[in-house]
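Subject: Handover of the two-chain model

Hello,

Please find the structure below, with the sequence alongside. My notes on what was found follow it.

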Amino acid sequence: MTLAQAVFDDAGVCLMASGSVLTDKSIQALKKRGIHAVQIAAPVSDKKKDAMLAASLARLDELFMHSKDSLPNRKLFESLCLYRRETIS
Amino acid sequence: MSGLTEQDIAGAVLRLPALPNIVLELIHALDDKDVDTHTLAQKISYDQTLTAKVLRLANSSFYGMQSKIGSIPHAITVLGFNSVRSLVLAAAMVDTFADHASGDLDHANFWKHAIGTALCAKVIAAHRGANQDQSFIAGLLHNIGRLVLATCSPQRYRDVLQRCAQRNEDLLTAEIHVFGIDHKTAGKAVLEYWKFPAAIVGTLSSGQDESPAQGDSAAIAAVADAIAYALDLSGGQYDRVPSITTADWDRLALKESVLLEIFAITETQFEEACAILGATGNV
């Protein structure tokens with residue numbers, strides 16, 4: 001589960017940023033701080049995930065269109081592809 | 001089309017909005033180890049809008065503080081003067097240029113990319129054991145020369161953007177074709193005019209021989225710039241990832257696992273930082 005919105009305490013201190021992954025440990029920590037409800041991102045279907053990943057990889061191709069000849073950029077591109085696959089799946 | 005002269009660039013720099021006095025004082029203090037932080041903290045506090053933004057940043061997930069920071073002197077005690085200075089510079093720069101007209105250059109897009117580069121540079125610097133605050137400032141100002149060129153001639157900058165769009169030309173090539181110089185050269189002129197220390201001005205010379213004092217800073221700014229584009233943080237239609245030199249890449253030697261961590265931290269902090277600094281498309 002990932003947070004749809006950042007969580008703040010009563011003093012306005014940000015406890016968890018939007019997009020953070022909720023774990024058992026972080027849920028317990030939030031409860032100890034008096035946070036009993038948070039907004040989580042709605043689950044995404046596999047079909048939608050596939051479409052998001054395809055769009056994301058196509059955008060990466062576009063972003064790197066002038067620089068794939070450079071070895072450092074190819075390595076960066078490959079790491080970004082891996083990152084998108086890990087974060088979207 | 002004739003290239004820009006030094007006088008043209010100097011004229012454009014003068015037409016940029018004036019930075020607030022407190023910002024100029026903070027820039028001049030970058031090289032000063034005996035800086036009077038107490039007086040500077042008081043001066044920052046006089047600007048309520050700036051103070052409010054800096055405190056929101058200090059209390060954001062960017063620092064992950066456990067208790068609320070309520071004043072500039074408190075922020076300096078907890079975060080250190082250098083961190084507070086980089087937050088003040090970021091908030092003031094975005095504010096100062098918010099209403100500055102410069103042709104077709106999309107200001108929200110420009111500052112979103114600058115903030116993304118600054119955040120990424122800070123994360124890379126932390127990994128490399130380099131100066132995080134200096135890297136943050138260098139990342140923020142890495143593309144400031146684009147503002148100079150767009151101010152110098154809005155029509156010619158429009159031509160640059162059209163070349164990028166219609167001919168799929170990369171930005172630096174299009175700038176050199178239209179202006180005779182690229183935004184890095186123009187950026188150096190403005191940073192020197194504002195009297196930034198050589199260590200920050202020198203970050204616009206990546207891929208060249210760096211002095212030992214310069215350390216990793218130019219390579220960090222260049223790689224952070226490329227990562228910010230690669231993460232598509234500003235989302236500009238014609239954004240493209242610039243080529244990273246082998247010298248810069250090899251110097252930082254970032255392993256894939258480290259890169260994945262850098263991507264994740266930068267993305268996590270980005271939206272919150274943009275929202276606080278007002279670089280969300282409604283600037």
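Among contacts in chain A between residues at least 6 apart in sequence, what percentage join residues at least 24 apart? The share is 40%. Please keep in mind throughout that this is a predicted model.

Chain A

Chain A contains 3 helices and 2 strands. Along the sequence they come in the pattern β-β-α-α-α. The radius of gyration of chain A is 18 Å, whereas a compact globule of 89 residues would have one near 12 Å. The C-alpha trace of chain A spans about 50 × 30 × 20 Å along its principal axes. Of the 89 residues in chain A, 20% are buried.

The two domains of chain B

Where they meet, 17 residues of domain 1 of chain B are in contact with 20 residues of domain 2 of chain B. On the domain 1 side, the elements of chain B that give two or more residues are α7 (107-128), α8 (132-140) and α16 (256-277). Of these, α16(B) gives the most, with 5 residues. By type, the residues on the domain 1 side divide into 12 nonpolar, 2 polar and 3 charged.

One residue to look at in chain B is Y63(B), in the loop between α4 (48-58) and α5 (72-79). Is Y63(B) buried or partly exposed? Y63(B) has 18 other C-beta atoms within 10 Å, so Y63(B) counts as partly exposed, given that a buried residue needs 20 or more. Leaving aside neighbours within four places in sequence, Y63(B) is in contact with A58(B) and L79(B). The C-alpha atom of Y63(B) is separated by 9.6 Å from that of Q269(B), although the two residues are 206 residues apart along the chain.

Where the chains meet

How many residues does each chain give to the contact? Chain B gives 28 residues and chain A gives 23 residues. On the side of chain B, α14 (217-230), α15 (246-252) and α16 each supply at least two residues. The most come from α16(B), with 8 residues. The residues of chain B that touch chain A divide into 11 nonpolar, 9 polar and 8 charged.

Nonpolar cores

The largest nonpolar core has 101 residues. The members that touch the most other members are V54(B), V88(B), I115(B), A121(B), I124(B), V148(B) and V223(B). The element that gives the most to this core is α14(B), with 12 residues. As for I115(B), its contacts beyond four places in sequence are L140(B), F270(B), A273(B), C274(B), L277(B) and A279(B). A second, separate core of 5 residues includes L3(A), A6(A), V7(A) and M16(A).

Regards

Methods: Residues numbered from 1 in each chain as written. Chains lettered and ligands numbered in written order. Predicted model: local features only at pLDDT ≥ 70, side-chain atom pairs only at ≥ 80, totals over all residues. Contact = placed C-beta atoms within 7 Å. Helix = DSSP H or I, 4+ residues; strand = E, 2+ residues; numbered from the N terminus. Nonpolar A, V, L, I, M, F, W, Y, C, P; charged D, E, K, R; others polar. Buried ≥ 20, exposed ≤ 12 C-beta atoms within 10 Å, placed from the backbone. Core = buried A, V, L, I, M, F, W, Y, C linked by C-beta atoms within 7 Å. Rg over C-alpha atoms; globule rule 2.2 N^0.38 Å.
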